[in-house]
Amino acid sequence: MSDLRLLFYVAPLIIILFWTINISIGAFQKKQLFKLPLILFFLDSLLAVFESGIFYFGKMDLFKVLYLPAVFVSLSMFPLFFIYISTLVGNKKFIPRFWLKHLSFPFINALFAFVVLIVFMDANQRNEFFHQTLVFKEGAHGIQKFAFYMDDVFRKIFLVTAIFYYAITDRKIRQHKARLHSYFSNTYENEITWFPTLRISFFLTLISAFVYFSVQRYSTLDLWLIPAISHTLLSIFFWIIGYYGNLQNEIKLHIPENTAGVDNATISDEIFVDIDKKMEESMSAQMIFLKEDLTLPELARHIGTNRSYLSRYFNEHLKQSYSLYINAKRIEYACKLMLESEEDLVLSAIYEKCGFNSNASFYRWFKDICKMSPQKYLEEMR
């Protein structure tokens, strides 16, 4: 049983170390500086998981040495992941004030723990706290009792921090996707398509973490199943982040902050009717949707209107995104080509004729719009 318990604790450490090395090497070779927060996230996770393991296996002298750094890194894990996503989707370089804003809270907590453990406790009290109070809940009186509850509060703060930063990270990615779809026609290569997978893993990991942190540290020494489940889910969680984070390329599309150019002025129906006529001409006669990487400003200039009016035309009048409108036209044209072509048609060659910049983007939009694959569509229509 002891070997099995060791495996549960070592597995996430091996996964974290593996992806830390891989991502660091790749980022150095390809000069991907935007992955620095992700690397720091894994380094933080490595120390946090290691600290949890040495407590479980009774290495209290080492646990005592790592306790203060572990308070900081455990509370800075998810802020660092948020900084990574913000850097990725925001085309931002290193901004000290932005980093300081999100890492100051973990630092304040670590500083508070330093004051309690180093300033208000002598060496004997600290030794008793780590070897008796946390392990057996013995000697919990005075400053040691305060430190005991401080440790418990830190564990609860970790959960709150995880939930909060997951929420704002999710919002950041949704905003990025919405801005992409309101501005560009080909968006697939610049979306963070793997986050829904991470969302499921995070949800399961969070449930196990709630159970794990709902009991005191000393209780986990006997309830081996709880840390076993939580660390197994952590292994999956870190593998997903590492795998997709290693594959993630830099998002180089520049998206203006005010993509839609929305103002508060009321747009008359006559303006929308005028845009309708111009759009019909551009789409039916000129087939401008076949232009690869057609953007909203380019289309606005082509039909002789401004970007703000055209954006509101899609959002308010048609009630659909710019990318959906353009790619629906492309898929409609692709279907026409597929039906008019010979039997030996190569589907992989279709996307280039329809304005898509990749076969993957073509397949994705085809399934989204037609609710079936191109092959299935051909089978049913012929």
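This is a predicted model: local features need pLDDT of at least 70, side-chain atom pairs count only at pLDDT 80 or more; totals for chains, interfaces and linings use all residues.
Let me begin with the helices, which are DSSP runs of H or I with at least four residues, while strands are runs of E with at least two, and both are numbered from the N terminus.

Residues are numbered from 1 along each chain as its sequence is written, and side-chain values use heavy atoms, with hydrogens and water left out.

Back to Lys-319, then, which has a positive phi of about 55 degrees although it is not a glycine. I will call a residue buried under 20% relative accessible area, exposed over 50%, and partly exposed in between, with a 1.4 Å probe and protein chains only. Lys-319, with a relative accessible area of 65%, is exposed. Lys-31 also has a positive phi, near 55 degrees, and is likewise a residue other than glycine. Lys-31 sits in the loop between H1 and helix H2 (36–56), and its relative accessibility of 71% makes it exposed.

Let me turn to the aromatic rings. Rings of Phe, Tyr and Trp (for Trp, the six-membered ring) pair if their centres lie within 6.5 Å, and planes under 30 degrees apart count as stacked, over 60 as edge-to-face and the rest as tilted. How many aromatic pairs does a search of the whole structure find? It finds 39 aromatic pairs. One of them joins Trp-19 and Tyr-243, whose ring centres are 6.4 Å apart with planes at 75 degrees, so the pair is edge-to-face. This pair links distant parts of the chain, since Trp-19 belongs to helix H1 (residues 2–30) and Tyr-243 to helix H8 (residues 225–247), 224 residues apart. Trp-19 is buried at 5% relative accessibility, while Tyr-243 is partly exposed at 36%.

Another pair is made by Tyr-166 and Phe-202, with ring centres 4.5 Å apart and planes at 10 degrees, so this one is stacked. Tyr-166 lies in helix H6 (residues 142–183) and Phe-202 in helix H7 (residues 195–213), so the pair ties together parts that are 36 residues apart in sequence. Is Phe-202 buried or exposed? With a relative accessible area of 7%, Phe-202 is buried, and Tyr-166, at 21%, counts as partly exposed.

Helix H6 also holds Phe-154, which is buried with a relative accessible area of 9%. Phe-154 and Val-71 are 83 residues apart in sequence, yet 7.5 Å apart in space, C-alpha to C-alpha.

Next come the salt bridges, each defined as a side-chain nitrogen of Lys or Arg within 4 Å of a carboxyl oxygen of Asp or Glu. The whole structure contains 7 salt bridges by this search. In one of these, Arg-199 meets Asp-170, the closest N and O atoms being 2.6 Å apart. That pair, too, links distant parts of the chain, with Arg-199 in helix H7 and Asp-170 in helix H6, 29 residues apart. Arg-199 is partly exposed at 25% relative accessibility, whereas Asp-170 is buried at 11%.

The side chains of Asp-274 and Lys-278 form a salt bridge of 3.2 Å, N to O, and because they are 4 residues apart in helix H9 (residues 269–285), about one helical turn separates them. Glu-316 and Arg-312 form a salt bridge of 2.8 Å, N to O, and these two are 4 residues apart in helix H11, so they are again separated by about one helical turn. Glu-316 is partly exposed, with a relative accessible area of 39%, but Arg-312 is buried, with 8%.
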